[in-house]
Amino acid sequence: MDENEDYQPDSSGHLDLKYRGWITLQPNLYSFAPCLFYLDLSFNSLQTLPDEISYLNLLQEFNCSCNNIQYLPESIGSLECLRVFKANGNKITTIPSSIGRCKSLEEFVVSENNLIALPHDIAGCTALQSLLLQNNNLPRLPLSLTSLSGILRELDVTNNNSQLAVTLPEKIHNDINSIMWILMLQQEELGGIESIKQEVKILQHDVFYVEGELSDSLKRVTMLERKKLRLEEDMKAVEYFLKVRSHGRRFWELIWILWQKGKRAFSLRLRDRL
């Protein structure tokens, strides 16, 4: 079909562009943004969704399933009116964290892709009721999904990476209640581990503080020992000085006595001669 063929949304805002053979989106598509609410691009050959998809910010339902899309743009988070998003049957490996800004999203279908991770931000989709993830390569689910407990009614993770079965037995891969229960247990366990980590950090801080105090104390002890040695040396010097002074006094006293004796002897001799 000619790419330039006219197309436009119907009176209810629906635009069906299936089986067009499109590899890229046509620029004039964005001109319908004010009146486009339901867009179906399934069964084309699209390889990417451009950032300009955010121009269609009134979209409520978006179907781009069965294409060759390898990734979703960050701008997908600008589709805040989006309620249904179908991107199954592509080659998508990751979901952008901006998906958490789609607060109105109720149904998210990304089965039959190559997903290796689901962002924690998926918990930001606080209206999400159906999340289909089967036939991907997910080794685990984000524990943040537990915040959607009571809101999320359908969750299917069948046929994913074998590592997923380590934490979620295969027989419950489409049992929302069992999955949520196990994720909550894992979250509690992780919370306990994080609590222990925090306690270890506090203990490490305390040890570091005590080591610092001990180091300071050792420095003060070393200074005091040096002062003690100087005082002991000063005391020895004072004792030596006192001893020398004591000996000096005795010496001069002896000299004085000898001088007095000599003086008296001289006086006696002089008297005898006279």
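**Salt bridges, rings, a sheet and a core**

Lys 18 and Asp 16 make a salt bridge, with 2.6 Å between their closest N and O atoms (the term covers a side-chain nitrogen of Lys or Arg within 4 Å of a carboxyl oxygen of Asp or Glu). This is a predicted model, where local features need pLDDT of at least 70 and side-chain atom pairs count only at pLDDT 80 or more, while totals for chains, interfaces and linings use all residues. Numbering starts from 1 along each chain as its sequence is written, and side-chain values use heavy atoms, with hydrogens and water left out.

**Salt bridges**

- The count comes to three salt bridges.
- Lys 18 also meets Asp 40 in a salt bridge, 3.6 Å from N to O. That pair links distant parts of the chain, 22 residues apart: Lys 18 sits in the loop between β1 (14-16) and β2 (38-40), and Asp 40 in strand β2 (strands are DSSP runs of E, at least two residues, and helices are runs of H or I, at least four, numbered from the N terminus).
- Taken together, Asp 16, Lys 18 and Asp 40 are linked in a network of salt bridges.

**Aromatic rings**

- There are six aromatic pairs in the structure (rings of Phe, Tyr and Trp, the last by its six-membered ring, pair if their centres lie within 6.5 Å; planes under 30 degrees apart are stacked, over 60 edge-to-face, the rest tilted).
- One of them is Tyr 7 with Phe 32, an edge-to-face pair at 6.0 Å centre to centre and 65° between the planes. The two are 25 residues apart, with Tyr 7 in the segment before β1 and Phe 32 in the loop between β1 and β2.
- Tyr 7 is buried at 9% relative accessible area, and Phe 32 is buried at 14%.

- Seven strands build an open sheet in the order β1-β2-β3-β4-β5-β6-β7, with parallel pairing (two strands pair if DSSP finds at least two bridges between them).
- At the edges are β1 and β7 (154-156), each pairing on one side only.
- β3 and β4 pair in the parallel sense over three bridges, and Asn 63 stands opposite Lys 86 in β4.

**The nonpolar core**

- The largest nonpolar core holds 56 residues, and Phe 85 and Leu 141 touch the most other members (a core is a set of buried Ala, Val, Leu, Ile, Met, Phe, Trp, Tyr and Cys residues joined through side-chain atoms within 4.5 Å). Helix α2 (residues 176-273) gives the most to this core, with five residues.
- Beyond its neighbours within four places in sequence, Leu 141 is in contact with Leu 133, Leu 155, Val 157, Leu 164, Leu 168, Ile 179 and Leu 183 (contact means heavy atoms within 4.5 Å).

Terms used: Buried means under 20% relative accessible area, exposed over 50%, partly exposed in between (1.4 Å probe, protein chains only).
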